[in-house]
Amino acid sequence: MAWCLKLGCAMFGDYFTRALIAGVGLALVAGPLGCFVVWRRMAYFGDTMAHSALLGVALSIILSMNMTLGVFAVAALVAGALIVLQRQASLSTDALLGILSHSTLAVGLVLVGFLTTVRIDLMGFLFGDILAVSVEDIVIIYGGGVGILAILILAWRPLLASTVSPELAEAEGLRPEASRLVLMILMASVIAIAMKLVGVLLITSLLIIPAATARRLSATPEAMAAVAAVLGAVAVVGGLFGSRTWDTASGPSIVVMALVIFLVSLAVPVSRLFGRRVPHGT
Amino acid sequence: MNAVVPKDILITLSNAGVTRGGRTLVNGVDLTIARGEIVTLIGPNGSGKSTTAKLATGVLKPTMGSVTRLPGLRIGYVPQKLSIDWTLPLTVERLMTLTGRHTPEAIDATLEAVGAARLRKAAVQELSGGEFQRVLFARAMIRKPDLLVLDEPVQGVDFSGEVALYELVRQIRDTTRSGILMISHDLHVVMAETDTVICLNGHVCCRGTPSAVKRSPEYLKLFGERAAGSLAIYEHHHDHEHHDDGCVVAEGHEHGHEGHDHGH
């Protein structure tokens with residue numbers, strides 16, 4: 001690639017460096033967004049959207065469209081379907097998530113099986129293949145990532161207010177339904193850009209584990225978002241070096257590293273808040 | 001005495017009601033809130049207090065009647081139940097800027113006004129029920145609202161805390177001249193401070209000054225049911241209205257009414 005050489009970025013030539021750059025970029029976005037996933041108890045919801053990503057992969061190959069866009073569209077559709085079903089069906093949200101999560105994954109796997117003309121690295125989609133990241137992927141991650149962070153910052157106050165109390169936000173003129181929609185679109189975007197790196201089965205861990213770790217180290221929502229971003233980046237770097245040293249799978253190694261940081265944080269007696277949950281109201 | 005010049009009227013509901021999915025949540029509500037006035041909505045659970053408040057704040061659109069609000073009306077809201085999960089780190093000072101930007105000086109002054117200045121750096125999860133309620137008052141007040149909506153403001157607060165909070169409501173009214181819309185099922189203390197009490201049970205049962213409402217048979221019946229837990233008196237003036245205007249029928253109370261009154 002001429003422009004790459006022109007920039008003098010020989011560093012992009014090394015697959016390991018590309019993986020580091022891509023992973024850190026993803027973690028910087030996933031951390032802050034993951035805070036909302038934790039605050040709003042959307043972990044399973046995020047998982048469901050992520051599982052549907054494989055269906056997005058299959059469909060975009062069949063329709064020969066851009067894979068990132070295909071994954072985004074399917075994840076967003078699944079989120080929309082869930083909202084509609086929540087309003088109408090009598091099944092609990094929990095059961096609905098279970099149905100959507102596993103059926104979209106299964107339909108995706110079946111469709112991939114039909115694709116005899118294209119060779120698909122199924123393991124790569126399920127568990128990610130961060131070492132195969134191209135310069136183009138990095139451009140997508142950073143372009144998309146900057147966009148996601150910009151929207152998150154712009155919509156931060158209403159998002160946070162409607163997380164604390166939708167009722168309060170609504171009474172004071174904000175629109176919690178719109179905030180929810182924004183959040184879902186952002187999650188679908190992160191899933192679309194993250195799938196190639198850590199795979200559909202591990203995406204939500206990058207959202208949740210750094211955010212959960214950051215909680216004990218933070219006194220405000222903004223601090224928690226920043227700490228989660230940094231911790232996610234540390235997990236990516238640590239995980240990738242670990243995987244190179246011990247020749248382990250890169251995606252899972254990153255998640256294991258995030259888990260190790262989480263466990264270590266539990267031992268650090270930093271927060272006097274820990275364990276003091278005073279219920280209010282009622 | 002409040003001179004009711006038109007510009008002082010913040011909100012007017014005329015014959016307003018909401019039907020949702022075939023159910024009438026509330027209907028025929030007439031209500032005005034003026035600057036510096038305290039209006040209290042009372043009534044049993046499911047009587048339409050919250051729905052009426054949502055009509056006033058504009059969260060719900062009326063399906064019947066009309067609601068007019070002063071253009072650009074600024075609302076401060078103190079929610080009924082607010083349980084902030086431990087996973088969300090939130091200090092009192094951060095809570096103060098939840099729905100809008102405010103200067104540190106304004107935050108200090110407002111917390112001071114509710115007697116919660118020393119809590120500024122505290123995590124909201126660490127506050128007691130009464131402290132948290134004061135902070136929520138401050139959060140709504142810092143917006144300098146035209147209308148302050150208090151949803152069950154003394155829930156979960158002990159008696160002395162309750163008296164103090166009502167004193168605070170009076171102070172807020174006197175110093176800011178906000179209109180105050182209070183939702184309450186606690187009928188004792190609030191009565192003294194309030195200008196107009198509106199007693200709801202799917203529609204407006206009775207209204208007036210606290211002392212007038214206190215003597216009205218509709219109020220006594222509603223209040224008596226709640227307090228005594230049984231009602232042997234066959235005082236059904238009120239219930240016939242329900243059947244006639246049909247609102248309670250739509251709420252599925254048609255059969256419940258007689259059983260309701262005798263059974264409790």
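This is a predicted model: local features need pLDDT of at least 70, side-chain atom pairs count only at pLDDT 80 or more; totals for chains, interfaces and linings use all residues.
Local features need pLDDT of at least 70 and side-chain atom pairs count only at pLDDT 80 or more, whereas totals for chains, interfaces and linings use all residues. Residues are numbered from 1 along each chain as its sequence is written, with chains lettered from A and ligands numbered from 1 in the order in which they are written.

Biologist: Is A:Trp156 buried, exposed or partly exposed?

Modeller: A:Trp156 lies in helix H8 (residues 156-164) of chain A, helices being DSSP runs (H or I) of at least four residues and strands (E) of at least two, numbered from the N terminus. A residue is buried with 20 or more other C-beta atoms, placed from the backbone, within 10 Å of its own, exposed with 12 or fewer, and partly exposed in between. A:Trp156 has 15 C-beta neighbours inside 10 Å, so this residue is partly exposed.

Biologist: How are H3(A) and H4(A) oriented to each other?

Modeller: Helix H3 (residues 43-62) and helix H4 (residues 67-88) of chain A pack with axes 7 Å apart, at an angle of about 135°. Axes are lines fitted to C-alpha atoms over the stretch in contact, and angles run from 0 to 180 degrees between N-to-C directions. Under 35 degrees counts as roughly parallel, over 145 as roughly antiparallel, 65 to 115 as roughly perpendicular and the rest as oblique. H3(A) and H4(A) are therefore oblique.

Biologist: Which residue of E7(B) is the bridge partner of B:Val39?

Modeller: Strand E3 (residues 38-42) of chain B runs parallel to E7(B), joined by 5 bridges; pairing requires at least two DSSP bridges. The partner of B:Val39 in E7(B) is B:Leu181.
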